[in-house]
Amino acid sequence: MVQLYNLHPFGSQQVVPCKLQPERFCGGGRDTLFVAAGCKVEAFTVVGQELCQPRCVFSTLGRVLRLAYSEAGDYLVAIEEKNKATFLRAYVNWRSKRTENSRVCIRMVGHDMEAPFSETFREQMSIVEMPLSEAPLCISCCPVKGDLLVGCTNNLVLFSLKYQIINEEFSILDFERSLIIHIDNITPAEISFCVGYVAVMSELEVLVVKLESDPKNRESVNHHPRKTTNPMKQAEGISNETSQLESDDFVICQKPMELLGEKSKQSGISVTLESTGLADEKIKYFHVRHLLYRRFAPDISCCLLSDDVRLHSLQLLPIYQTGSLTSDRKNSSQEKVLLSLFCFFSLPHVGYLYMIVKSVELMSVYQYPEKSQQAVLTPQFLHVITSNNLQCYTVRCSAAAAREEDPYVDTTLKACPPISMDVCALRIQLFIGLKAICHFKNHVVLLTKADPETVPERRESPKRFLSRKGTSVNPKTPPVAEAGWNLYIVNTVSPVQLYKEMVDYSNAYKTAKTQSCIHLLSEAHLLVRAALMDASQLEPGEKAELLEAFKESCGHLGDCYSRLETQHSHLALPYYKMSGLSMAEVLDRVDWAVEDGSQKYERGLIFYINHSLYENLDEELSEELSAKVVQMFYAAEPKQLPHILCSPSMKNIDPLTAIKYLRKLETSGFSSVLVTLAKAAMALKMGDLDMHRDEMKSHSEMKLVCGFILEPRLLIQQRKGQIVPTEFAVHLKETQPGLLVASVLALQKNNKIGIEEADSFFKVLCGKDGDTIPQLLVDFWEAQLVACLPDVVLQELFFKLTSQYIWRLSKRQPPDTTPLRTSEDLINTCSHYGLINPWVNVLISSESLVDKNYMEDLSKLQSLICGPSFDIASIVPFLEPLSEDTVAGLSVHVLCHTRLKEYEQCIDRLLERCPEAVIPYANHELKEENRTLWWKKLLPELCQRIKCGGEKYQLYLSSLKETLSVVAVELELRDFLNVLPEDGTAAFFLPYLLYCSRKKSLT
């Protein structure tokens, strides 16, 4: 049974001053009501709470059987009957109709107008005649594009809305018959059409399909007239077949059926398309996608009348994209983009609401307490009339649309009441003699008529339900107009007013802590959300009020989920976030009063506070609130207490209070390294260095690192998007920098901090801005290389280190703190640091370098260049600041060019700057395929420099002797003679020639 709340969704009402008893009526846009009676249509202006006023009257061809209005195109369309013949007519430019006797232009659909004649259309109403091969039964206008769909006995005809351009300043509205949808085995009693979605309803069946535009499916469209069988013969065949199956003693009924998606093709209803668009028009090749088929069985147990089991009130309800609920975007009809589509239809005692866009599913079932006559669906409510009641039910359309529009719904960021939540009745209002209902804008229009004494009617045989086509759907001829009727406009109250009433109503359930409180507040939330989605219906200034109500409703739901023990208590977090309430404001809403001395904190509140404290909110709780939070978590989640104390929001906590609860935690058996670190942090905050030292000594350094991994906020916090080192980190920098670097490295290894965040942390910690690099950051980079972290890009790290080494060497800038590792440590522990080539030591020893820090940076740079992983080509352009005039610079340049296999250039530089290093260089580098450089490059260069003499003569001479010894071993005698200089002294070279000649005999 649907739950009933005695709320007041309906406000004031007024009587429409109709002259005749209405037969059909419908809303016209934002401000007009159309009422058809006899052979006339009256238009009334309806603005806000003001009394409706007659606007204009125009005559129809005959009695109006169906009436519909399209906001797109601003036209009215009617099925009219005269002399037992039906006609389809559209009334265009009706707003220019001044008096009943004003001139009217009647034209045929698709008829081209000449420019001089059509100028008269500006100031007069036009009636567009639309002839059909079959009698029209029902009509529906697309609310987005304004296209018109007409239901006939055997098919549906689609008239596309278009405009005939007369000249640059003037165009007239027209239609084009673009498509015929042939449907077998079902006769439409009602149809609904929206952006290619077609819903067809007979007495006991509903079919929903979608017409899709896809050139690949062109073969599914017939562009020629469809051959149809003779309807008389077809009916005769069915009649003969039926008479053989039935007798007066029994009846055959088809079983109920529900088919969703592609399965609905199995319904047995054939749907084929016939394109009738003009050849010069842009033809869309449609194919049909089946979405839903539902069939009901008649209840013949009591031989009920057909009206008791007939479906009614078929409707497709679109909801459009709106963007963010908090944006100021203004929707217009041109901007409408379909977000969700819902299909509603009803039996006399049960209504069904389906969602049919991305997926087809039954959303809600409405059980009416008494037999319904008609219903109308809006984004906010379902209005149902019975003979004596106007009923208002809640709907779930906004909940479904919210999930389609916002992917963050149902996450920790945003929430929305579930689609599956039970619907409820907000009001059952007494109205005597209700006959019909329609809805537009914020108005419900009701037709009432006092029934005369009930005259027993002949009950018809239930056999009429055997065939889908066995019943005529033409409306019954109305009786002669009688007194006792009224047409009412009932104004619905504003969403904000009804929302406030629902919130007040929900207060009755708060103390009881029941699900009813959540249910009613969820209904209030959906009401406001639906109003915000239906932005076209909002009055100026109303959106701001709705947004405030929306945030307030989120706060109320957050309160419910945080205080009531439910399986969905985690929803307190997203609702509080959507409410815009700060954490302090949420805590102020908590009832901290304790009657029996034991406070119980529900999971929802704990979850919200815990999550909020983890999110680095830029909000600091007061000392009083911080103490209450500590008390709360000690009672409810003691293991989380050390984590809570590390939050930036808990900055104002009294350290003595925190240590008291931490010690209680240890005595309760929750002792851990994390508790120790939390106590050490609080001791540091108090200035008790002895206590801090004792706590830090109670665990090994490795365990302390593990503790920092469990809670990185002991060292690093974020405020206003910036990295902020804690007081603990500052203290470790001065006392235990190695532990600090190891801890941050462990955080990076466990994905608790990013590479750039770590670099920023050390810069801020050491007070360095811009490009200035502190030594502690260099220590961290070196530790990264030693640790070989998988997510670190090696070449980027090499570039950072070499750039810093080069900058310090070029500026002779010492590190601001003592490096944690020496070059020897790095060579022994890290594979990326290679052994320095022996000739480098010879080169460096040629000049005395007293500065130890300078030597360390130079050794680290040389070792890195000698390593196996370094990309030399990438660093060469950055060597310019390091001058070759110094031995340090020369060594680095020669190392780099050697790694690039530029040996000849390196030999020239060494001969020029440090001849004593040439032979060690050649012994180390000129091997295998490069050994030829001994006699092709080194030997000729030494001979040439000896000839020139100079102060380095003796160094060149000794190097030449070493070179000749190597060449004599490597070459044959003839080859050796060829490489010797022609003008050399024979006596000098003779010993090497003799050794070379005897070499063969010795081997």
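**Sheets and helix packing in the predicted model**

Strand 2 and strand 33 (residues 485–492) are paired in the antiparallel sense over 4 bridges, where two strands count as paired if DSSP finds at least two bridges between them. Helices (H or I, at least four residues) and strands (E, at least two) are DSSP runs, numbered from the N terminus. The structure is a predicted model, in which local features need pLDDT of at least 70 and side-chain atom pairs count only at pLDDT 80 or more, while totals for chains, interfaces and linings use all residues. Residues are numbered from 1 along each chain as its sequence is written, and side-chain values use heavy atoms, with hydrogens and water left out.

In general, strands of a sheet pair through backbone hydrogen bonds, either parallel or antiparallel.

Another open sheet consists of 4 strands in the order 23-24-25-26, again with antiparallel pairing. Its edges are strand 23 (312–320) and strand 26 (361–367), each of which has a single partner strand, so one side of each is left without a neighbour in the sheet. The twist here averages 20° from one strand to the next. Strand 25 (residues 350–355) pairs with strand 26 in the antiparallel sense over 6 bridges, and Tyr 352 stands opposite Val 365 in strand 26. Helix 3 (residues 397–405) lies across strands 23, 24 (338–346), 25 and 26, and runs at about 155° to strand 24. Axes are lines fitted to C-alpha atoms, for helices over the stretch in contact, and angles run from 0 to 180 degrees between N-to-C directions.

Helix 17 (residues 737–749) packs against helix 19 (residues 775–787) at an angle of about 55°, with the axes 10 Å apart. The two helices, helix 17 and helix 19, are therefore oblique to each other; angles under 35 degrees count as roughly parallel, over 145 as roughly antiparallel, 65 to 115 as roughly perpendicular and the rest as oblique. The contact (heavy atoms within 4.5 Å) includes Leu 740 and Val 744 of helix 17, and Phe 780 and Ala 783 of helix 19.
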